[in-house]
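I opened my notebook today to get to know a new protein, going from the whole fold down to single residues. Come along and look with me.

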Amino acid sequence: MPDFQKSIDSIYKEVLESPDSSTVASYIPELASVESSKFGIHLIDTNQHNYAAGNSGEKFSVQSISKVLTLSMALGLIGEKIWRRVDVEPSGDPFNHLSLLEQENGIPRNPLINAGAIVIADILVTELENPKEDFLTYVRNLADDTSISYDEKVALSEKGTGFKNYAAANLLKSYGNLRNDVEDVLDFYFHQCSLSMSCKQLCDTFYLFMNRGRCKRDIGYLDINQIKRINALMLTCGFYDEAGEFAFEVGLPGKSGVGGGIVALLPNEFCVATWSPGLNKKGNSARGMQALERLTTMTELSIF
Ligand code: DON
């Protein structure tokens, strides 16, 4: 195994020294106030050894990273039936695009674009007794950390400006692919996106995707084939219209969020999370992508 701490320390220094032309997401007003200079990286290996640098313990808004967690919860609850309501193809479009949804009769391209995640949210609203509480408990159990919470201010802020998500939910409803009320489903969706977590907590939570479906406490949540599917979706769809670039530069399944977080993993080896709020033109963390490219190049560890 490479010396992860040494690699992370050198990446941290290199990334902070390089020029930065990224911008913090502002379409959700509450996200615009986050300090752009923050940068953290955390890595956990299969032996649960931790390596970190920078603001890796500071919480931020995980946003779309939560879509992997709702997908895993829904897959655990209803299994393969999920794929009747959402496809598994990359869209090549930005996360909030709607044109394909019309063209494809209300079946979202994949569960990691907004329309697909809204269908998954609808499934959880149907299946769970107390959807928001139960989902939060699921994430806390995965991470073995009860301090993980929603950020109500962020959820409210997105509700006030989430016009495209309302459009997506209404389109889904018109095609019969949304069972519950638009308001109820979006309230759940805005809350899942508002989850506030640190890079360390993301690594703890995503540990199961690296560890064949078993969480840090060695409890089985999903089987190996379900994990294969989720990791395949992260690789092909986790970065929207930059999924190819992420596979090309980094070579790991991963997921980004407009809060500036990225989590990625090498099955049976390690899980890594970065946070830097400045986004590139495709809406993915610029420094996060740079750091992860350096990590897999330096350590020569990627799925390829
Ligand atoms: O629905 C939205 O627009 C946000 N809550 C999440 C977007 C997001 O993080 C896209 N991923 N990079």
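What percentage of the 304 residues of the protein count as buried? I looked it up and found 57%, where buried means under 20% relative accessible area, exposed means over 50%, and partly exposed lies in between (1.4 Å probe, protein chains only).

Before going on, I noted that this is a predicted model, in which local features need pLDDT of at least 70 and side-chain atom pairs count only at pLDDT 80 or more, while totals for chains, interfaces and linings use all residues. I also wrote down that residues are numbered from 1 along each chain as its sequence is written, and that side-chain values use heavy atoms, with hydrogens and water left out.

**Entry 1: the whole protein.** I then looked up the span of the C-alpha trace along its principal axes, and it is about 55 × 40 × 35 Å. The radius of gyration is 18 Å, which agrees with the value near 19 Å that a compact globule of 304 residues would have. That radius is taken over C-alpha atoms, and the globule rule is 2.2 Å times the number of residues to the power 0.38.

**Entry 2: two domains.** I saw that domain 1 covers 4-63 + 196-299 and domain 2 covers 66-193, with bounds from an automatic or database domain assignment. Their C-alpha centres lie 21 Å apart. I also looked at where they touch: 34 residues of domain 1 are in contact with 39 residues of domain 2, contact meaning heavy atoms within 4.5 Å.

**Entry 3: Pro19.** I located Pro19 in the loop between helix H1 (4-17) and strand E1 (23-24). Is Pro19 buried or exposed? Pro19 counts as exposed because its relative accessibility is 81%. I also checked Pro19 against Leu171: they are 152 residues apart in sequence and 41 Å apart in space, C-alpha to C-alpha.

**Entry 4: Gln192.** My last stop was Gln192, which sits in helix H8 (residues 182-193). Gln192 has a relative accessible area of 0%, so Gln192 is buried. Which residues is Gln192 in contact with, leaving aside its neighbours within four places in sequence? I listed Val62, Ser66, Lys67, Thr70, Ala121, Phe135 and Tyr150.

Definitions and conventions. Helix = DSSP H or I, 4+ residues; strand = E, 2+ residues; numbered from the N terminus.
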